[in-house]
Amino acid sequence: MYSKLRIIGAALPLVATLLSHPCQAATASEPATPPAAVPDSISVYFATGSTAIRQADLDKLDFAARLYREAKPIVMQVAGSADATGSPEANLRLSQSRADAVFRGLVARGIPAERFQILAKGVTDLPVADKAGVPDERNRRVQITWR
Amino acid sequence: MLAAASGPAPAPSLTVEQQFDRGVAADLGLPGPADPATALAWYRSAANAELPAAQLNTAVMYDSGRGTPRDPTQAAIWYGAAAAHGDARAAYDAGQLYASGDGVPQNDAAARAWYAIAAARGVVAARHKYVRPTIVEGDTLLPATPLRPARLTLSPLGRDVALVWSSPPAPRAAQPVNYYVQVVARAGAKQRLVYAGFVDATASLVTLPPGAADYAWRVLTVSHAGSHYVASAWATFSSKE
């Protein structure tokens, strides 16, 4: 199937097949997956009291980074939240730490740091309105949006 | 050259940067409603002229299916082009497509080559990225496929043109492999080698000589373990000033 290599360089058989092998690949492309809807936001969820991004959610950071386009003024907003257990002060710090963890993960994927807005929401503006003291994973999250 | 069916008519009076700015304006809806299809058409126009930021955005639009049905092969082409121009994130994203076999053959060696480039450019996440080994049946070294440029007339901003190909994985016995790129200028029956060089990943930036010319290029996948190689088909393109 393959030829033996003698000299790598100008001595490679260069032009013999030049015009007899038109490129087949110029436009042929079949989408392997059906058209994907572009999400408005991506959410990363956390264990109670934790700021560690779970292994399975690292793929979400890859996905988020792949949606980010190169243009000012596109900014990526990273908003951390905490659920309604614990003190408001601790939850504010926790939401900040979660947002920072996601921010670092996205910067590690090549998005310039100056293009972020980081928000610590604490227990304000929660996705699910729970009473105080109710643990709820849906609220232990960082939401990534961009515009 | 505008590839998308919808979108703006070609506007040769606009500079490449202005075309990119039109794309951003349509992408963001500044002013007025966002028009992703028009944005993609402008991005792609500037991408064909070798503007790296436009190549990256074109890739992202195809990758995410914004303004177009999702087309990971087109995404791979434009990530590769932007990465050939030095973009770090494009190299990381190209690695992901090869790691998962999305739009290109699943090829762990190509994925690792792109991740190594991304890591060298400061993408921390690329440093220890796990890549699942690709299982290759048989022992046949298969040729690469030239993707871009092919059957195109380019008006590059400078004289640098990103050549992008896809590559099936090499059998274990043939690894490691890298790629030897050849570009020849064609004038009638005469052909002159204008570039030849090795790269590890599946794209290469080539500086063309001054002036308009017709070119042909191909890629040889070279096995260093077995000291053999296999050549791709030739692809052709033209450049004008």
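Predicted model: local features only at pLDDT ≥ 70, side-chain atom pairs only at ≥ 80, totals over all residues.
Residues are numbered from 1 along each chain as its sequence is written, chains are lettered from A and ligands numbered from 1 in the order in which they are written, and side-chain values use heavy atoms, with hydrogens and water left out.

Chain A contains two helices and five strands; helices (H or I, at least four residues) and strands (E, at least two) are DSSP runs numbered from the N terminus. The order of these elements from the N terminus is β-β-α-β-α-β-β. Of the 147 residues of chain A, 39% are buried, where buried denotes under 20% relative accessible area, exposed over 50%, and partly exposed in between (1.4 Å probe, protein chains only). Contacts are defined by heavy atoms within 4.5 Å. Among those in chain A between residues at least 6 apart in sequence, 74% join residues at least 24 apart.

One residue of chain A, A:Phe116, lies in strand E4 (residues 116-120). Its relative accessibility is 11%, and A:Phe116 therefore counts as buried. A:Phe116 and A:Val75 are separated by 41 residues in sequence but by 5.6 Å in space, C-alpha to C-alpha. When residues up to four places away in sequence are not counted, A:Phe116 touches A:Met76, A:Val78, A:Phe103, A:Leu106, A:Val107 and A:Ile111.

In chain B, helix H5 comprises 13 residues and reaches 19 Å from its first C-alpha to its last, close to the 18 Å expected at 1.5 Å a residue. The expected span of a helix is taken as 1.5 Å times one less than its number of residues. Because 12 of the 13 residues of H5(B) are buried, this helix is largely enclosed by the rest of the structure. The buried set includes B:Arg89, B:Asp93 and B:Gln96, as well as B:Tyr92, B:Leu97 and B:Tyr98. The cover over the buried residues of H5(B) includes helix H1 (55-67) of chain A, together with helix H3 (52-64), H4, H6 and strand E3 (160-166) of chain B. The N-terminal end of H5(B) is capped by B:Asp87, a side-chain oxygen of which lies 3.1 Å from the backbone nitrogen of B:Arg89. Such a polar contact is a pair of N or O atoms within 3.5 Å; within protein, one must be able to donate a hydrogen and the other to accept it, and residues adjacent in sequence count only if both atoms are side-chain atoms. Just after H5(B), B:Gly101 adopts a positive phi of about 70°.

Helix H6 (residues 108-120) of chain B also has 13 residues, which should span 18 Å at 1.5 Å a residue; the end C-alpha atoms are 18 Å apart, which agrees. Buried residues of H6(B) include B:Asp108, B:Trp114 and B:Tyr115. Helix H4 (72-84), helix H5 (88-100) and strand E6 (203-207) of chain B are among what covers the buried residues of H6(B). B:Asn107 caps the N-terminal end of H6(B), with a side-chain oxygen 3.2 Å from the backbone nitrogen of B:Ala109. H6(B) is followed by B:Gly122, whose phi is positive, near 100°.

In the loop between H3 and H4 of chain B lies B:Thr68. This residue counts as buried because its relative accessibility is 18%. B:Thr68 touches B:Leu40, B:Met61 and B:Tyr62, not counting residues up to four places away in sequence.

Grid points are joined across faces, edges and corners, and a volume is the space filled by probe spheres set on the points.

The largest pocket has a volume of about 570 Å³. Of its 20 lining residues, A:Asp59, A:Asp62, B:Tyr115, B:Lys129 and B:Tyr130 are the closest to the centre. H1 of chain A and H5 of chain B are the elements that give two or more residues to this lining, and H1(A) provides the largest share, five residues. By class, the pocket lining has seven nonpolar, five polar and eight charged residues; Ala, Val, Leu, Ile, Met, Phe, Trp, Tyr, Cys and Pro count as nonpolar, Asp, Glu, Lys and Arg as charged, and the others, Gly among them, as polar.

The structure holds one cavity of 30 Å³ or more. The volume of the largest cavity is about 60 Å³. Residues lining the largest cavity include B:Ala94, B:Leu97 and B:Tyr98, along with B:Trp114 and B:Trp165. H4, H5 and E3 of chain B are the elements that give two or more residues to the cavity lining. This lining divides into 10 nonpolar, two polar and no charged residues.

Notes. 1 Å grid on protein atoms, 1.4 Å probe; cavity = no way out; pocket = protein on both sides within 12 Å on 5 of 7 lines; lining within 4 Å.
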